[in-house]
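Subject: Structure handover and findings

Hello,

Here is the structure for you to take over. Please open it next to this email; my notes on it follow below.

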Amino acid sequence: MTVVLAATAAILFAVGTYLILQRKLSRIIIGLGLLTHGANVLLITSGRRGDPPIVRNGTEGFSDPLPQALALTAIVITFAVTTLLLALAYRSWLLTRDDEVEDDVGDRAIARESAAEDFADDEPSTEGTER
Amino acid sequence: VLAVGTLVLGVAPQLADRLADAAVRSLDPTATSVHLELWHGLNAPLALSAVTITVGLILALGDRAVQRVVSAGSGVPDGAAIYLGMLRGVGSTSRRTTGLVQNGSLPIYSGVILATAAVLPLVALASDWRWPGWPRFGEKEDVPIALALVLAALAAATIRRRFSAALFLGAAGYAMSALFVLYGAPDLALTQVTVETLTTVVFVLVLRRLPDRFERQSSPQRRAVRVAVSALIGATVFVFAIVSSGSRTAPPVSDEIIQRSVPDGHGRNIVNVILVDFRGFDTLGEITVLTVASIGAVALARVGLRAAAERAQQAAGGGRTRIRAKRQGDTDPVQKIVFVDVSVQVIFYVVLMMSLWLLFAGHNQPGGGFVGGLLAGSAFALRYIAGGIHEVRRHARFRPWTVLGAGVLLAAGTALAPLLAGDSVLEVAYKSVTLPAVGKMGLSSALLFDFGVYLTVVGVVLMAFEAFGDDTTEVTE
């Protein structure tokens with residue numbers, strides 16, 4: 001790990017987070033991609049730097065192969081996840097002509113209901129409200 | 001009869017002496033024999049009976065006063081009312097909590113999760129603070145790559161066009177592969193390059209349908225919150241990276257992995273040996289995730305299409321003729337660009353051969369099932385460019401889900417097969433054979449496992465084309 005690369009990973013994480021906190025699915029997907037890059041920088045720099053870990057003569061001076069294996073899995077998984085999220089965006093476009101993640105309708109209804117209940121709290125509740 | 005018995009025994013209970021005695025002895029053999037008597041003399045049971053009768057008499061005589069006390073008592077809630085009240089309280093509390101915590105907004109959810117993820121490690125770090133000191137600043141050659149990564153990320157975040165954002169993400173990916181090369185990770189670099197290429201293709205397939213520009217929408221306050229959370233995350237990652245890299249106390253486990261790769265794993269490419277052997281379970285789990293994700297993607301993207309096709313078919317008078325969906329011009333043979341078509345014909349097989357070479361060589365040289373599969377997927381991407389989804393279907397021979405399922409089954413079967421021989425799961429069988437043309441080569445069951453991985457990855461890529469590929473009759477619901 002060097003300061004340069006730690007800072008790079010940090011910036012990738014920060015920018016990725018900034019994008020994930022938005023409502024447009026395509027931005028969220030790009031944010032996730034940047035986040036993964038950041039995670040891979042962290043992974044790869046956590047091992048030592050060296051020659052490609054391919055045994056020819058002797059086993060000295062190699063870079064750390066374990067983080068590489070982990071990062072490799074991460075890269076491929078990200079591809080699949082990106083595909084899945086893009087399918088979500090595509091579906092959202094088919095249905096609403098947009099890829100914006102709206103507020104969950106059911107959750108909003110519950111929030112409204114509980115707010116209304118706060119006002120009506122003093123009155124004795126009737127049996128019919130229990131469902 | 002019972003009434004007579006009651007009367008007789010009530011007056012002369014000693015008649016039942018033997019019965020009572022036998023009953024008591026059967027329950028407790030050590031009990032002394034009992035004797036029933038009408039009058040036992042003045043004792044405690046008699047006094048209690050007297051008290052009961054007296055109190056009953058008083059209550060009966062003072063009826064009016066008693067009624068008043070009882071009616072006052074009915075004001076005290078009984079068990080059922082308390083129970084109902086508690087139920088109601090739990091219900092309204094949970095509803096109010098849900099309304100407060102689960103407000104249905106995705107950015108708030110992810111914001112809370114990410115902020116927690118940023119704060120908790122910092123708290124844990126601070127509770128046992130040991131600053132290991134700054135590491136080296138960095139290598140000279142890292143700086144341009146770091147700059148490229150940061151600039152691409154910032155551009156992807158700020159640009160207002162979807163396509164350009166996706167392309168900048170791709171640029172960041174290529175910068176990553178350069179970093180992998182510098183760090184001595186050729187497998188990663190290869191994989192990253194192919195993944196990035198394929199990701200861009202899939203992005204293009206989807207984004208061409210979405211509007212090109214993001215509309216400007218969020219208020220300054222929201223943006224400030226977002227920036228604050230992201231800055232917090234960035235700070236956490238930076239501190240974590242510096243502290244963790246300086247805090248190693250034990251020698252890395254990979255030293256042993258490096259030592260045992262050739263004798264135990266029969267492979268010279270240590271990363272590949274880790275993937276297909278030492279951490280094979282991990283890989284098996286991963287390709288399962290890949291399978292699930294791509295099935296999900298196809299399902300999401302294609303749901304409703306079949307129903308629409310059937311409706312159209314019925315409208316067209318039924319029959320088994322495949323309905324001709326309204327395609328875009330590029331699938332029409334007349335409109336194929338001859339130059340592209342011919343080059344793809346040639347390149348396609350070269351790339352496929354290359355991918356198989358990566359698969360077979362992967363155990364001893366850079367390569368392996370993942371990158372091989374991705375490269376084969378890129379070959380199909382070329383087919384797609386030349387002739388659309390129909391061209392891909394014609395050359396893939398098998399349906400994408402068949403390839404996908406065959407890959408997972410092959411990998412899982414190879415993992416489980418050693419059980420039959422009494423070995424543990426994922427035990428690698430190895431045999432060195434001499435082939436006439438090729439010479440001496442090692443045959444390892446790890447290659448079969450890797451072939452399963454290869455097929456799965458090819459399946460995933462084909463599934464992506466199946467999901468977003470062309471022949472769309474516009475489905476609106």
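A salt bridge here means a side-chain nitrogen of Lys or Arg within 4 Å of a carboxyl oxygen of Asp or Glu. By that rule, a search of the whole structure gives five salt bridges over all chains. Please keep in mind that this is a predicted model.

Chain B

Chain B has 477 residues, and 38% of them count as buried. Its secondary structure consists of 18 helices and two strands. If you take the contacts in chain B between residues at least 6 apart in sequence, 70% of them join residues at least 24 apart. The accessible surface of chain B is about 27000 Å², and carbon and sulfur atoms account for 68% of that surface.

The size of an interface is often given as the accessible area lost when the parts come together. Between chain A and chain B, the buried area is about 9600 Å², with 70% coming from carbon and sulfur atoms. R49(A), F79(A) and Y90(A) provide 9% of the area that chain A buries against chain B, more than any other three residues. Counted by residues, 96 of chain A are in contact with 121 of chain B.

Polar contacts link 10 residue pairs between chain A and chain B, with both residues at pLDDT 80 or more. On the side of chain A that touches chain B, the helices α1 (3–20), α2 (25–46), α3 (65–96) and α4 (105–119) of chain A each supply at least two residues. The largest share of that side, 25 residues, is from α3(A). Sorted by class, the side of chain A that touches chain B holds 52 nonpolar, 20 polar and 24 charged residues.

Salt bridges between the chains

Two salt bridges are counted between chain A and chain B. Which side chain does E141(B) meet in a salt bridge? The partner is R49(A), at 3.5 Å from N to O. R49(A) also meets the side chain of D142(B) in a salt bridge, here at 2.9 Å from N to O. This second pair crosses between chains, with D142(B) in helix α7 (residues 142–158) of chain B and R49(A) in the loop between α2 and α3 of chain A. Together, R49(A), E141(B) and D142(B) are linked in a network of salt bridges.

Is D142(B) buried or exposed? D142(B) counts as buried because its relative accessibility is 0%, and buried means under 20%. R49(A) has a relative accessibility of 25%, so R49(A) counts as partly exposed.

Salt bridges within chain B

R279(B) and D282(B) form a salt bridge through their side chains, at 2.8 Å from N to O. R279(B) is partly exposed, with a relative accessible area of 32%. D282(B) also counts as partly exposed, at 35% relative accessibility.

A further salt bridge joins E466(B) and R393(B), whose closest N and O atoms are 2.9 Å apart. This pair links distant parts of the chain, from E466(B) in helix α18 (residues 445–468) to R393(B) in helix α16 (residues 369–396) of chain B, 73 residues apart. E466(B) counts as buried because its relative accessibility is 7%.

Two single residues

T456(B) lies in helix α18 of chain B. T456(B) is buried, with a relative accessible area of 0%. What does T456(B) contact, leaving aside its neighbours within four places in sequence? The residues are I287(B), T291(B), L404(B), G407(B) and V408(B).

L34(A) is in helix α2 of chain A. At 0% relative accessibility, L34(A) counts as buried. Leaving aside its neighbours within four places in sequence, L34(A) is in contact with L12(A), V15(A), G16(A) and L19(A) of chain A, and with A153(B), A156(B), L169(B) and A172(B) of chain B. The C-alpha atoms of L34(A) and D51(A) are 27 Å apart, and the two residues are separated by 17 residues along the chain.

Regards

Technical notes. Residues numbered from 1 in each chain as written. Chains lettered and ligands numbered in written order. Heavy atoms only, no water. Helix = DSSP H or I, 4+ residues; strand = E, 2+ residues; numbered from the N terminus. Buried < 20%, exposed > 50% of the residue type's maximum accessible area, 1.4 Å probe, protein only. Contact = heavy atoms within 4.5 Å. Areas by Shrake-Rupley, 256 points an atom, 1.4 Å probe, with all protein chains shown as cover. Buried area = accessible area lost by both parts, 1.4 Å probe. Polar contact = N/O pair within 3.5 Å; in protein donor to acceptor, adjacent residues only side chain to side chain. Nonpolar A, V, L, I, M, F, W, Y, C, P; charged D, E, K, R; others polar.
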